[in-house]
Structures are given as structure tokens and as C-alpha cells.
Amino acid sequence: MDFQRLIAAKRDGKRLRPQDWRWIAEAASGGLVPPYQLAALLMAVYLRGMDFSETYALTEAIAGSGERLTWPGVDRPLVDKHSTGGVGDKLSLVVVPLLAACGVAVPKLSGRGLGHTGGTLDKLAAIPGYRAELSPEELRRILTRTGCFIAGHSRRIAPADAVLYHLRDVTATVDSIPLVTASIVGKKLAAGADTFVIDVKTGRGALFASQPRALRLARWIKRASEKAGKTCVCVVSEMGAPLGRRVGNALEVEEALAVLAGEDVPEVRELSLELAAQGLKAAGIAPGITAARELARRGLDDGSAREVFEQMIAAQGGDLDAFAKRKRSTAYSAELKAPRDGWLRRLDALVVGRAAGLAGAGRTLTDDEVDPEAGVEIIAKPGSRLTKGDPILVVHASEEDKLRAALKELSGGITIGEEPPAPRPLIRKILS
Ligand code: URA
């Protein structure tokens, strides 16, 4: 296959055939095409777009690029959860064990951070010993034993997504509706659940800031999932300000543990419960949404979700005691203080996400190491009344330069005014 011809066709806005996409996915997975040609193809897709049927062909090609997991011995309904990515979005760490605690099985494939958004795998990598790359045989054992896992796309499972995802992260081709749809649904199809609950973020910190584009993405994800015979619920949720009070890998694991221990962390508990409830209802575990919400609330409050989380982490090699006792590498910390009295009207999730990246929590090149301890703590949430000098944020970094760069970025992400901001609903729309 002449790869240059395929790039030229996409550059000129032509459609590739399903067999072309299958070949591209195989070539990407097998290292048969150099990254610079794949990057050129991704940029052509980004600029020219793809219609739904071509997007679906790529989705199927990603799903079929490795083994498609099946779960013959699992007698619970299989539900998967995914997010299009946000800032402070640690919800998978709560929702996955919560769903499992409520009686479904959750085989979840996640990714690393994309752009300014944090990735579930980077967060879990902050736990000493945690392994995300597991063989299908290990995944089967873990799912049977604990009811859930969170693993990564790998050389054997959705390998084409692993390659394209990492390239997109460093080639400014992340926020493409066809590419996001194919990446998410392709991974979900490879993981083999029957019901998907997808948190589609909208607002400054989301991949798609505008609500109409986020809604379009939600419709495509749902349509692609249903075309593949799956049930899919999309929850379009607010991402204008960071979720919760922690942004950064280890910081977010700590916050997820707090929610699993019963703490009412702003937005994190509420949205986790709603996503879990939507998944339980869609999977037929509860007769209606009210019963599903009650089931989810009980699973969180009686400690069973936390127990499942601990079992899942241990089954994947992670050591939560070592995590609790770890030594922090971030020798440099500084507060960003209110420059005057007033209401905190804006705390820009995009700016906070970028600042956490500058502090060391993100990557600029595919092979960059992330600093698990770097990040931003949010002391004041939008709507807080501030007096001059009150702390709004605390930044943690392991190098002084990184700390300074993050603080500089953050100074542009805050607005203080005379009036409190209008409340923003956490959930914008549910496509069920
Ligand atoms: N999550 C994914 O898995 N893929 C994307 O493209 C965006 C978010």
C-alpha cells in the first residue's frame, strides 16, 4: 500500500475505504509506517474532517487492530465508562469501582493525558507498582476476581489507538470529532462491554469548549456505539473550571480516595454518582434512574466501592500503603493569592490544566516522563468570597523554573469581580 497516496487523498478531502483504514491501523500497530507519515495523515484528517461512515470505518479498524476481548465466564452485565478528558477529572477512579460494587463488571481501557487534560493511566501510575499494560489472560483473571480493571491500550489490545493517541497528543490533532470518536469507541469495542457511559466534557478545559461541538461529539460517540450493537449513554458535563480541588496525578489519586472514603468533594462525588447511576440504569441493573441513583449512593457510602478499588489496585500490582507513605518529589510549592477583595468569578480550567502541565504533570513530547507529584491544589472555587491575600491556588513542582512557569500561566486564569458568578449546572445534557 502506498502510504503517500493515502495521505494525499486525505489532504485533498477524499474518502478512504474501510480496507484502507484497516491497513492503516495494522501498519500503525506493527510499526510498518513511520510516525512522520502517520502524523501527516492525522493532520490531513484533522483539517479536512471525515464523515460518519469513514469515522466508523476507523473506529472498527482501531477495535480490530488487536485482540477483541470477550468475557464468556462473566455473568454480570458488562459496562464501561470513559471521559473525553478534562482538568481534575479523576472520576474513572471512583466510577469504575463503584459500578463494580453495584453488580456490573467493568473492563476499562484508558489512555494517558492528552493535551492539557489529565489521563487516567498517568494518575494510576502514581501508585507504586501499578501495572496498566496487562495481557488479555491477566485481564480476564482480574475481572473475574474483582469485577473491574483499568488498563491501557497496548501492543495486544487496540494497539492502533496506542500509536495514534500518542502521536495526536504531540501534533496538535487532539480535538477532532472523528478522531476522538474513533479513539474512544474503538477502545471500548476492543474491551468488550455491552453498555458504555461516556462523560463528554464541555467548557474551557474540555477538548471541545463549545457546547454545540461537545454535543455533536456526544451524538457521534452514541451513534458509533449503537451501530456496533452497544447501548450508550452520553452525559454532557461542565468543564469550565477544574473538577474538585486537585489537579495532578498523585494529587488526584488522593482526591479520588477521599471521595471513595465518603468525602463530598465538590462536583466529583455528584458527577461520579450520576455517571454510575446512568450506567446501572442502562445496563438494566436498576429499574429506573431513581433506584439507580440510590444504589450508587449506597455503594459509595457503605464503603463497598472503596473496597473494590483497593482490590483492583492490588490485583494490578499497585501498593496503596506505599502510595500513602511515599515521599513527595515536589520540593517547590507556592500560593497564588487574591490580588484584591471580591468574588472569584472565573477559575479557567484550560489555564489550570496548562499550568499543571508546566509544573511537570503533563508532556510536550511523547516520551516525556510525567512528574507524579506535580500539580495544582485549588483552595478557592469559583463563587468564593475572597479578601486580598487569601490563597486561591497552591502549585507544587520539583524545579523552581517549573514552579515559576506554572504561576505565570495561572495569573491569567483568574477573574475577581464585584458580583458572584452565575451558577453553572454540572450536567448540561444526557443522551440516553
Ligand atoms: N479519550 C480517548 O480515549 N481518546 C480521545 O481521543 C480523547 C479522549
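Reader: How many Å³ of space lie in the second largest cavity?

Author: In this predicted model, the second largest cavity holds about 40 Å³ of space. Rolling a probe the size of a water molecule over the atoms shows where empty space is left. A cavity is a set of points, on a 1 Å grid over the protein atoms alone, where a 1.4 Å probe fits but cannot get out, and its lining residues have an atom within 4 Å of a point. Points are joined across faces, edges and corners, and the volume is the space filled by probe spheres set on them.

Reader: Which residues line the second largest cavity?

Author: The lining is made of W21, I24, L38, L41, L42, V45, L58, L164 and L179. Sorted by class (Ala, Val, Leu, Ile, Met, Phe, Trp, Tyr, Cys and Pro nonpolar; Asp, Glu, Lys and Arg charged; the others, Gly among them, polar), these residues are nine nonpolar, no polar and no charged. Among helices (DSSP H or I, at least four residues) and strands (E, at least two), numbered from the N terminus, α2 (18–29) and α3 (35–48) each supply at least two of the lining residues, and α3 gives the most, with four.

Reader: How many cavities of 30 Å³ or more does the structure hold, and what is the volume of the largest cavity?

Author: There are three cavities of 30 Å³ or more, and the largest has a volume of about 250 Å³. It is lined by 24 residues, and those closest to its centre are H82, S83, T84, G85 and Y165. Two or more residues of that lining come from each of β1 (79–83), β2 (106–110), α6, α8 and α9, with the largest share, four residues, supplied by α9. In contrast to the wholly nonpolar lining described above, this one divides into five nonpolar, 13 polar and six charged residues.

Reader: Where does the ligand sit?

Author: A molecule sits in a cavity or pocket if more than half of its atoms lie within 2 Å of its grid points, and here the ligand sits in the largest cavity. The elements that give two or more residues to the shell around the ligand are β1, α8 (159–169) and α9 (177–191), and α9 again gives the most, with four residues.

Reader: Which residues surround the ligand?

Author: Taking residues with a heavy atom within 4 Å, the ligand is surrounded by H82, S83, T84, L114, Y165, R168, V180, S183, I184, K187 and L207, a shell of five nonpolar, four polar and two charged residues. Of the 240 Å² that the ligand exposes when taken alone, the protein buries 97% (Shrake-Rupley method, 1.4 Å probe).

Reader: What is the volume of the largest pocket, and which residues lie nearest its centre?

Author: A pocket is an open set of points with protein on both sides within 12 Å along at least five of seven lines; the largest pocket has a volume of about 730 Å³. Its lining has 39 residues, with G115, H116, G357, G362 and R363 nearest the centre. Elements giving two or more residues are α6 (120–124), α11 (249–260), α16 (349–361) and α17 (400–411), and α16 gives the most, with eight. By class, the lining has 11 nonpolar, 16 polar and 12 charged residues.

Reader: Which conventions apply to the numbering and to the predicted model?

Author: Residues are numbered from 1 along each chain as its sequence is written, and side-chain values use heavy atoms, with hydrogens and water left out. Because the model is predicted, local features need pLDDT of at least 70 and side-chain atom pairs count only at pLDDT 80 or more, whereas totals for chains, interfaces and linings use all residues.
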